[in-house]
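Trainee: I'm new to this one. Can you walk me through how to read a few of its features?
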Amino acid sequence: MDFTQAAKLGSCLSKDYAEEFFALLATYRNISASEAASRLNIHIKTAQDFLEDLFSLGIATREEVYEGKRPYFRYTLAVRQVNLSIDLAYMFPKDDVENIRLRETIREKQNNRARFTTSRSNDYISSVVIWSGEGRERRERKINLSVPQGRFLFHLPFPTAEPLSIEELIVKAGLDGTHIPEILDIINVLADFGVIENCSSPL
């Protein structure tokens, strides 16, 4: 199950009438949205949306039937158990991609409209404040950093300095490989905001 499906299922389960609705589906061989709505005392559109979500998730099946010339759906509960399980494996960084990224050379970008705040101990960056827009439209975005991220950015070359590779900066910051994913994450964020520039030559 992906996050979109999990969010849809979570939304269904969070409804005040969810348990009663499932009990209704378990009791009836099949049921229409209008029948369910009148039985649960909810709006027919609310019942229709709930049933359609269950159908899209494979929790219920539906059959088109006719009342006179007007078609409508009748729904049947297709399962006896509902499990919410999300596979997070795809989110973990891949080693080969990380190894390539570590060779990228970076530095702080000129005129980036950001302020780096150092920690009280003055040996790492605690947060980065970024401004965007002009005048009344000016907005401030503050990003609080983890300590490893802060130690890494403490050694980030200034705009006029020679860029260094991400790997070199990790070594200078005294970090190990376990911190690479969060370091790459903050680099991506700050690059998107125009605070960090990638100085590597195109392949």
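Trainee: Which side chains does the polar contact of 2.5 Å join?

Mentor: Keep in mind that this is a predicted model. Here the side chains of Asn30 and Arg74 are joined by that 2.5 Å polar contact. Asn30 sits in the loop between α2 (18–27) and β1 (31–32). Beyond residues up to four places away in sequence, Asn30 touches Arg74, Tyr75 and Thr76.

Trainee: Does Asn30 count as buried or exposed?

Mentor: Buried means under 20% relative accessible area. Asn30 has 14% relative accessibility, so Asn30 counts as buried.

Trainee: And how should I read a nonpolar core?

Mentor: In soluble globular proteins, nonpolar side chains tend to be buried together. In this model the largest nonpolar core has 24 residues, and those touching the most other members are Ile106, Val128, Phe152, Leu153, Ile166 and Leu190. Two or more residues each come from β6 (125–132), α6 (147–154), α7 (166–172) and α8 (180–192). The largest share, 6 residues, is from α8.

Trainee: What is Ile106 in contact with, leaving aside neighbours within four places in sequence?

Mentor: Quite a list; among them are Phe152, Leu156, Ile166, Leu169 and Ile187. There's also a second, separate core of 21 residues, including Phe21, Ala33, Phe50 and Leu54.

Trainee: Which residues make the nonpolar surface patch?

Mentor: Phe3, Leu88, Tyr90, Met91 and Phe92 make a patch of about 570 Å². Take Phe3, found in helix α1 (residues 3–14). Its relative accessible area is 42%, so Phe3 is partly exposed.

Technical notes
Residues numbered from 1 in each chain as written. Predicted model: local features only at pLDDT ≥ 70, side-chain atom pairs only at ≥ 80, totals over all residues. Heavy atoms only, no water. Core = buried A, V, L, I, M, F, W, Y, C linked by side-chain atoms within 4.5 Å. Buried < 20%, exposed > 50% of the residue type's maximum accessible area, 1.4 Å probe, protein only. Helix = DSSP H or I, 4+ residues; strand = E, 2+ residues; numbered from the N terminus. Contact = heavy atoms within 4.5 Å. Patch = residues over 30% accessible without salt bridge, like charges linked within 9 Å, V, L, I, M, F, W, Y side chains within 5 Å. Areas by Shrake-Rupley, 256 points an atom, 1.4 Å probe, with all protein chains shown as cover. Salt bridge = Lys/Arg side-chain N within 4 Å of Asp/Glu carboxyl O. Polar contact = N/O pair within 3.5 Å; in protein donor to acceptor, adjacent residues only side chain to side chain.
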